[in-house]
Structures are given as structure tokens and as C-alpha cells.
Amino acid sequence: MSSTSMHGGALPAQLRSASGDADKADHSHIAPGEIAVGVVIGRASEYFDFFVYAIASVLVFPSVFFPFEQRLEGTLYAFTIFSFAFIARPFGTVAFMAIQRRFSRELKLMLALLLLGASTAGIAFLPTYAHLGTASIVLLAILRIGQGIALGGSWDGLPSLLALSAPKRRRGWYAMLGQLGAPVGFIVAAGLFWFLLSALSGADFLEWGWRYPFYVAFAINVVALFARLRLVSTDEYARLLDERELEPTNAAEMVRSQGRNVLIGALAALASYALFHLVTVFPLSWITLYSSRSISDFLVIQMIGAALAAAGVIASGLIADRFGRRTTLGTLAALIALFSGVVPMLMDGGDLGQTVFILVGFSLLGLSYGQASGAVTANFLRKYRYTGAALTSDLAWLVGAGFAPLVALGLSAHFGLAYVGLYLLSGAVGSLAALSLNRALEIRD
């Protein structure tokens with residue numbers, strides 16, 4: 001009885017209070033750098049998977065899935081299927097957030113892992129047109145849609161948590177960390193294809209060699225998603241996410257309340273996303289179709305460009321913390337607009353002109369893309385930030401990058417390279433307009 005009485009007395013209550021304070025102290029000490037590790041792991045694995053498919057769309061799929069078409073038409077068909085993932089991604093975001101609201105964050109990420117792994121592995125084992133006919137193309141499209149849905153479902157809230165947890169004067173620096181995944185992913189993916197093209201005969205590469213990067217992508221995605229799952233499922237991170245109100249909300253409600261911010265956020269980074277594919281996927285397709293230049297050598301130039309992009313991403317963090325993220329984005333959008341004017345001259349300027357295009361283009365991409373993620377997501381009300389940030393990213397990819405290889409190659413092949421410059425210019429103008437509108441709305445509010 002005495003013991004029971006003690007458990008209901010004042011002293012245990014104080015101990016419980018002290019214990020609660022200790023818990024708060026523990027999880028409040030999670031450093032932004034620790035959160036950044038989860039962001040970098042997740043983004044690097046996604047970009048590697050992204051570029052493996054993109055490069056295969058140029059070097060492999062026209063031959064193995066569309067052999068009945070000319071090379072140009074086959075590449076355009078491959079780019080059409082490439083875009084399916086970007087169309088599917090917002091639907092995956094909405095569907096998997098509903099799963100998280102009903103069940104748990106862990107189950108959502110686990111299901112996304114299974115779908116992404118099955119889709120990527122399915123491409124690795126997919127029979128070609130010569131073995132399965134039209135059904136192989138249908139299956140490729142289904143698996144690509146599966147990848148898009150899974151990537152939408154893999155949103156874990158860590159980028160938003162990093163943005164909210166970063167020191168006020170270091171937000172540009174922490175914002176760029178996840179963006180480093182793009183050049184790193186490209187270098188590894190392009191390096192794999194470079195090695196396979198150099199080591200194998202053309203026949204062996206098209207027969208079985210191209211499948212190897214998809215096996216690697218499957219393995220990396222499994223490891224990365226499990227690492228993220230282990231991170232976000234801890235009590236400390238769960239409390240921190242809850243404290244920041246980083247939980248999914250109804251998508252329709254969020255769009256009604258915050259649709260303006262979603263649209264502005266997607267368009268603010270339009271220049272970066274348009275340039276993204278115009279220095280990675282499009283020039284590779286152009287060289288393959290219209291140049292006698294060695295594809296292996298060109299991949300090496302692109303890898304050097306990606307290294308410059310990585311340096312640009314890092315530099316963007318320092319620049320943004322000095323001058324402001326939106327000022328940095330606006331300035332780079334203006335520089336991309338100027339760069340768009342020399343795209344035709346450089347791409348049609350032989351090996352030297354193409355090399356300059358790649359190196360300068362990647363440098364501009366790194367500086368701009370380093371700050372392209374969530375530049376205006378601070379506009380969202382706290383309760384909508386988790387869902388709003390995810391859908392803003394999805395829309396930015398869809399509008400800015402999803403159709404860029406298809407549009408750029410189609411325009412250049414039928415109307416000339418000048419139209420590629422106009423396409424890039426339209427993205428830069430869209431970014432500048434969105435940033436100006438965002439500034440005007442802030443002043444009005």
C-alpha cells in the first residue's frame with residue numbers, strides 16, 4: 001500500500017516531468033546535418049535510378065523496343081514513355097499520403113520500396129520487342145508508371161524538416177545538400193554506361209549489357225529506402241516531424257487553400273528544371289542521331305560537366321546565404337535566359353562547341369539547381385507544408401523536365417536547334433515571372 005501510495009504522490013510526478021523534459025531535450029538535439037544525411041541518401045538513389053532510365057532511353061530502348069521505327073522516331077517514342085513517370089508521380093504522392101494518414105509513415109515507405117524495386121527489377125528482366133512484340137512496349141510503359149508512382153510515394157518529409165531545422169543564416173547551404181544527389185547520380189549512371197560501352201561489343205551491350213545498370217539501381221534503391229525507413233521510423237524523428245506539423249493533409253483541401261503557392265513554387269524553379277534535361281538527356285540523343293562523335297567520349301565530357309555541376313551546387317549554398325535564395329534563383333534564371341541564345345551555335349558548332357555547351361550548361365545547372373528545391377515553400381501554412389512541398393516538387397518536375405527531352409528533340413529535328421533555345425528561354429522567363437509574382441504577393445500581404 002505504501003508503495004502504491006508513493007506511485008501516486010508528488011515525487012513520481014516530478015520525476016515523470018523531468019523524464020519528459022529529458023525526452024524533449026534528446027530529440028531537440030537532432031542536428032540539421034543528421035537530417036541532411038537522410039536527404040542526401042534518398043535523393044542520390046532517386047537520381048541514379050532516374051539517369052539510368054534516361055540514358056537507356058537514348059542508347060538502348062530505340063533499338064530493343066522500337067526496332068520497327070527509324071532511330072529518331074524510336075527515340076521520340078522512348079522519350080514519350082520516359083515522361084510517364086512524371087505524369088504518374090503526383091498521383092503516387094496523393095495515393096501514398098492517403099495510406100500514411102490511414103496507417104503509418106513506415107507502411108507507406110515500405111510499399112513504395114516494394115513498388116519501386118519491382119518496377120526497376122522488372123525493367124532489368126523485361127523481354128525485348130524481338131521476343132515479346134508489342135506487349136514488351138506495354139510492359140515497359142506500365143513499369144515506368146510504377147516507378148513514377150513509387151517515387152511519389154517515397155516522399156518522407158525530410159527535405160521540409162531540414163529546411164525548418166536549418167539555422168536561419170545557413171538555409172541556402174542546407175538546401176543544396178539534397179540537390180547534390182543529381183550530379184552524383186548522373187556521374188555514377190553515366191560511368192556505368194561508359195564502362196559497358198567500352199568493355200562490350202555493340203551486340204553484347206544491346207543483348208544483355210544494358211540490363212546491368214538496372215540491377216544496380218534496384219540494389220541501391222533497396223538499400224537507400226531501408227536506410228531512410230530506419231531513420232524516419234525512430235521515435236526522435238517521429239516527434240520532430242510531428243512538432244513541425246509535417247504530416248500529410250487532404251490533397252484537395254491543400255490545393256484549395258494553397259494552390260497559389262504550389263503553382264508559384266513549381267514555376268519558380270522552371271529554368272533549372274528545363275536546363276536539367278537540356279544538358280543531360282537531350283544532347284546525348286542529338287549526338288547519337290546526328291554526330292559521328294564517340295558516345296563513350298561524350299559521356300566522359302558529360303561526367304566532367306556533372307563534376308562542375310556538383311561544385312556549382314556547393315557554391316550555390318554559399319552564394320544563397322550571402323545574397324538570398326530567391327535572389328540567387330532569379331539571377332541564375334537571367335543567366336540561363338542569356339545562355340539560351342547561344343544554344344544553337346554551340347550545339348551546331350562541332351566537337352568544341354558541344355563540349356563548351358556541356359561544360360557551361362552543367363555549371364549553370366549546378367548553381368541554379370542547388371537552390372531550386374523549396375525556394376518558396378516557406379509560403380505554405382505549417383499544416384500544409386508536408387503535402388505542399390511534395391506536390392510542388394512533383395509539379396516542377398512535370399512542367400519543367402518531364403517532357404523536355406521529347407520536346408527538345410522533336411523541335412530540333414523538325415524545326416532546328418533555335419527552337420531548343422526558345423524552349424529554354426521560356427523556362428527562364430517563367431521562373432522570373434513566378435519569383436516576381438511571389439515577391440509582389442509578399443509585399444501585398
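Figure 1. Residues 24 or more positions apart account for 85% of the contacts in the protein with a separation of 6 or more, a contact being heavy atoms within 4.5 Å. This is a predicted model, in which local features need pLDDT of at least 70, side-chain atom pairs count only at pLDDT 80 or more, and totals for chains, interfaces and linings use all residues. Residues are numbered from 1 along each chain as its sequence is written, and side-chain values use heavy atoms, with hydrogens and water left out. You will find 24 helices and 0 strands here; helices (H or I, at least four residues) and strands (E, at least two) are DSSP runs, numbered from the N terminus. Of the 445 residues in the protein, 54% are buried, where buried means under 20% relative accessible area, exposed over 50%, and partly exposed in between (1.4 Å probe, protein chains only). The protein exposes about 18300 Å², and carbon and sulfur atoms supply 66% of that area; accessible areas come from the Shrake-Rupley method with a 1.4 Å probe, and for residues only the protein chains shown count as cover.

Figure 2. E46 pairs with R89, with their closest N and O atoms 4.0 Å apart. That pair links distant parts of the chain, as E46 sits in helix α3 (residues 32-59) and R89 in helix α5 (residues 71-102), 43 residues apart. R89 also meets D394 in a salt bridge, at 3.0 Å from N to O. Here the partners are 305 residues apart, with R89 in helix α5 and D394 in helix α22 (residues 385-402). E46 and R89 are buried, and D394 is buried too.

Figure 3. E247 and R105 form a salt bridge, their closest N and O atoms lying 2.8 Å apart. E247 lies in the loop between α14 (235-243) and α15 (251-268) and R105 in helix α6 (residues 105-124), so this pair ties together parts that are 142 residues apart in sequence. E247 is partly exposed, with a relative accessible area of 29%, whereas R105 is buried at 7%. For comparison with the previous view, salt bridges that share partners join E46, R89 and D394 into one network.

**Figure 4. Helix α22, a mostly covered helix.** Take a look along α22: 15 of its 18 residues are buried. From its first C-alpha to its last, α22 reaches 23 Å, close to the 26 Å expected at 1.5 Å a residue; the expected span is 1.5 Å times one less than the number of residues.

**Figure 5. Q179 and its neighbours.** Q179 is found in helix α10 (residues 171-179). Q179 counts as buried because its relative accessibility is 0%. Leaving out residues up to four places away in sequence, Q179 touches R43, Y47, V313, Y369, G370, A372 and S373.

**Figure 6. A nonpolar patch on the surface.** F415, Y419, L422, L425 and V429 form this patch, with about 480 Å² of accessible area together. Patches are made of residues with over 30% relative accessible area and no salt bridge; like charges are joined within 9 Å, and nonpolar side chains (Val, Leu, Ile, Met, Phe, Trp, Tyr) within 5 Å. Helix α24 (residues 418-444) supplies the largest share, 4 residues. V429 is in helix α24 and is partly exposed, with a relative accessible area of 48%.

Conventions. A salt bridge is a side-chain nitrogen of Lys or Arg within 4 Å of a carboxyl oxygen of Asp or Glu.
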